[in-house]
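Subject: Two-chain model, handed over

Hello,

Here is the structure I said I would pass on. My notes on the interface, a pocket and a cavity follow.

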Amino acid sequence: MSTTPESSELLSSTSGPSEHGGSGAGSATPLLSLRGISKNFGAVQAIQGVNLDIAPGKVTALIGDNGAGKSVLIKTISGIWEPSGGHMYWKGEEIHVHTPRNAAALGIATVYQDLALCDNLDIVQNMYLGREETKFSMLDEIKMELATNQLLRDLSVSTVKSVRQIVASLSGGQRQAIAVARAVMHDSQLVIMDEPTAALGVTQTAQVLQLIRTLAARGITVLVISHNLNDVFSVADNIAVMHLGTLCSSGPASNYDTASAVELITTGHSSRVASTLLPSS
Amino acid sequence: MLPVLVGLLILVIYFQVRNAAFLSSGNLVNLFVQSTIYILLGMAEIWLLLLGEIDLSIGITSVLGGAVAVILVDQQFHWSWFFALPLSVLVVTGIGALYGLIVVRLKVPSFIVTLAGYMTFQGVLIYLVDSQGTGGTITVHEKVLYDLVYGDVTPVWTWILIIAGVAFMGYRMIKFDLNRRSSGLVTDPLAFVLVKVALFAVAGVILALIFNTNRGSFIPLRGMPFAIPIDIGVLSFGTFILTKTKAGRYIYAIGGNSEAVRRAGVRVDRYRLLAFCLTGLTGGIGGLLYVSNLNGVNDGPPSTLTLYAIAAAVIGGTSLFGGRGKMIHAVVGGIIIASIYNGMALLSMSASTQYIVTGVVLLAAVTIDAVARRSNANN
Ligand SMILES: Nc1ncnc2c1ncn2[C@@H]1O[C@H](COP(=O)(O)OP(=O)(O)O)[C@@H](O)[C@H]1O
Ligand SMILES: [Mg+2]
């Protein structure tokens, strides 16, 4: 396997994340580095030996076939469960994420495929779930409502009528937008989204992609899982491909085209893309 | 809640037409006192119903708490009510905590844990009462415990309490509206809020007049029974926790989607445990009013009290599936159940008819609610 360092800024720290700040162009320390991450459920090896660097301030798309292990990977990053093996580095420092609280404390916010919203609560209540503003230990509803209105305006989410309507009454795209807005609230540095457009129509998909671009423009790092290669090529700076539980290729989006991406997704390798596997340190 | 209130109105009109004594002040006060136990136990149940959990034993554990109070203040121990009553409430709270720990830590469904509790504590209650050697019945002699239901606030204090309550609520409602307005948030028109406050005041005045009308037959009897401010106190406490605190927010959220709450970094189990304790706390207070009303406790534990508690909550509009409900629902449901009980007794109808009617009302309330919600969802 021939590595072509100039082709990938993700390859900057070739000797592993512990020796960050190395030489070469685009050598910014990755925001998050995974080395040899694996996760098994009993005898089922869901993911194994995943090496991935996520560049700060960029949109990284994680693609792969159904069951490739994308959701398992991001749930491991988010502290839903602990990895069975491997190491994680946040800005070059090794971290151990045991619970969603740990991940949130680092600035990792995740929008799950199932969105994890409470249908019986309104938009404001969902936005602030788990980090409510209080005054004299009573909920400060006015502060939360004002901030929610402001954030939705900033993110150009203009379709919801009132932030006091319950989430059960929202459309799929609106729910997705609320889940994303919730994730970026409170200084999240890395926003992870699992198939944000899978259940959406054309217009709503366009809205969510626009939202991802808005996040990136605000300097937030995004890791987005998608099935839809059109979506991927329209928003991603970097691409990572998973195949049968392993990470088989990663690099700048410009290294890939639809044909090579499809080949990687289905077979795990492509003669048309220079192999850009990271060393497992 | 509107269909339920219409239902209550229909019941009231029916009973009043059949027997003019129904809306007499004496009978209304009686009805309010009768509804107290359903209201308090209904509120106890709502803490858990909001989580999607249930307590099938509250009618037994609350009475067990009441029995502890009776025994402690009875001639055998002569404890001061000041220690005995809180301790008995603590006992029921402790049982709630025990249920909570088993449900949360061992992941046994609350349905089963509290069913087991129902049987166990029924046995404990019978044993406790029989072991006093008073022939299976213990009578309340202690004045404070007796007065919880049979004592009244003086007419002057009735006015003071009701005016203070209405003024406080009115102030809160208007201030809420003005605060939102000054922050540039959407509000109801101020006139609408003022009308609500005015209606509230009218209701307060009517209640005060009812309480202060002489309802005694030989000696004059006036004023609000202590049970009413106790109800209102517990209602206010519960409503405050549910609407103004993080704990309340999480109780609703867990009932809606507990996994989402967990992922939001909330210690879900802590709040589930809290709700079990609050059920016990509220039920414990209900148990005191129960033994006060019964003027004691006996070794024939009430078999239907739990079911009435759940019915009160559900008739009022609280969902059995979690995430939807309010403390006030137990008040509405409790009054409806007591109205049926009270009205049927006035009309000399049999217990069998009373059970049947309550059952039909419960089914009707839940059905109307389900249909209304489905048509809302379709819009
Ligand atoms: N909680 C779980 N328990 C057991 N196996 C799981 C679990 N979650 C995922 N898996 C398995 O891990 C593999 C990867 O799944 P997933 O990450 O959901 O795929 P996708 O790439 O489509 O998101 C699948 O074979 C799936 O069956
Ligand atoms: Mg998936």
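A:D114 and B:R263 form a salt bridge, with 3.1 Å between the closest N and O atoms. A salt bridge here is a side-chain nitrogen of Lys or Arg within 4 Å of a carboxyl oxygen of Asp or Glu. By that rule, three salt bridges cross the interface of chain B and chain A.

This is a predicted model, in which local features need pLDDT of at least 70 and side-chain atom pairs count only at pLDDT 80 or more, while totals for chains, interfaces and linings use all residues. Residues are numbered from 1 along each chain as its sequence is written, chains are lettered from A and ligands numbered from 1 in the order in which they are written, and side-chain values use heavy atoms, with hydrogens and water left out.

Interface

In contact (heavy atoms within 4.5 Å) are 25 residues of chain B and 27 residues of chain A. The two chains bury about 2,200 Å² between them, 58% of it on carbon and sulfur atoms; buried area is the accessible area (1.4 Å probe) that two parts lose on being put together, summed over both. B:L185, B:R249 and B:R263 supply 32% of the area that chain B buries against chain A, more than any other three residues.

Pocket

Of the lining, α2(A) gives the largest share, five residues. Helices (H or I, at least four residues) and strands (E, at least two) are DSSP runs, numbered from the N terminus.

On a 1 Å grid over the protein atoms alone, a pocket is an open set of points with protein on both sides within 12 Å along at least five of seven lines, whereas a cavity is a set where a 1.4 Å probe fits but cannot get out; lining residues have an atom within 4 Å of a point. Grid points are joined across faces, edges and corners, and a volume is the space filled by probe spheres set on the points.

Cavities

There are three cavities of 30 Å³ or more. The largest has a volume of about 50 Å³, and its lining includes A:A61, A:P196, A:L209 and A:D231. Helix α7(A) gives the largest share of that lining, three residues.

Regards
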